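Subject: Model for you, with helix packing notes

Hi,

Here is the model we talked about. Please have a look before reading my notes below.

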Amino acid sequence: MAMNKQEIFDKVAEHLLTQRERAYGTLEDVCYYRIGKNGKTLKCAVGCLIPDEYYTPSMEKAGVADDRVLDILIKADILEDVPENVNFDLLSAGHLLSVLQTVHDSTPLPWEAELVKVANKFRLKLPELVIEGEPVIWQ
C-alpha cells in the first residue's frame with residue numbers, strides 16, 4: 001500500500017532536519033537522489049524514501065515526475081500507480097514530493113520554516129521530532 005501524504009511528509013521532514021545538508025554534487029552543480037560525500041551517503045527529499053533495493057544510478061538527474069523515477073516510486077509503494085492520462089502534479093502525493101524536492105534543492109537552510117509552509121499548504125500536521133536530543137521548534 002502506498003504511503004499517504006502525512007507519512008511522506010513526516011519521513012522527509014525528519015530526514016532533512018537530521019541530515020541538514022543537501023545531496024549536492026559540486027562538480028555538476030546539481031542535487032542528487034543519493035551521493036557519497038565525506039564518507040557518508042546524502043539523500044535528497046525523495047531519495048530518502050527510496051529503499052536501497054529500488055535505487056538505481058540511472059534515475060540521477062531525472063526529475064521526480066520522470067517515468068524512470070515515477071516507476072521506482074510506484075514499485076517501492078511510495079506512490080499509487082498513475083494513470084497515463086493524469087498529470088503528475090495533479091496527484092496530491094506526487095505534488096507533495098515535487099514541492100519537498102524543491103525545498104531540498106532550492107531553499108536555503110535551515111528548512112524548518114519552509115516545511116511549515118508545506119505542511120500548511122497540504123493541510124498536514126507537523127510531526128513531533130527530536131533531532132540530536134533536541135525537540136524541533138517549528139517556526
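This is a predicted model: local features need pLDDT of at least 70, side-chain atom pairs count only at pLDDT 80 or more; totals for chains, interfaces and linings use all residues.

Residues are numbered from 1 along each chain as its sequence is written, and side-chain values use heavy atoms, without hydrogens and water.

Start with α1 and α3. Helix α1 spans residues 5-19 and helix α3 residues 92-106 (helices are DSSP runs of H or I, at least four residues, numbered from the N terminus). α1 and α3 pack at about 15 degrees, axes 10 Å apart (axes are lines fitted to C-alpha atoms over the stretch in contact; angles run from 0 to 180 degrees between N-to-C directions). That makes α1 and α3 roughly parallel (angles under 35 degrees; over 145 is roughly antiparallel). In contact (heavy atoms within 4.5 Å) are K5, I8, F9, V12 and L16 of α1 with S92, A93, L96, L97, L100 and H104 of α3. By class, that is eight nonpolar, two polar and one charged.

Now α3 and α4. Helix α4 covers residues 112-121. The angle between α3 and α4 is about 165 degrees, and their axes are 10 Å apart. α3 and α4 are therefore roughly antiparallel. From α3, the contact uses H95, L96, V99, L100 and V103; from α4, E114, L115, V118 and K121. Six of these residues are nonpolar, one is polar and two are charged.

Best wishes

Methods: Helices (H or I, at least four residues) and strands (E, at least two) are DSSP runs, numbered from the N terminus. Angles under 35 degrees count as roughly parallel, over 145 as roughly antiparallel, 65 to 115 as roughly perpendicular and the rest as oblique. Ala, Val, Leu, Ile, Met, Phe, Trp, Tyr, Cys and Pro count as nonpolar, Asp, Glu, Lys and Arg as charged, and the others, Gly among them, as polar.
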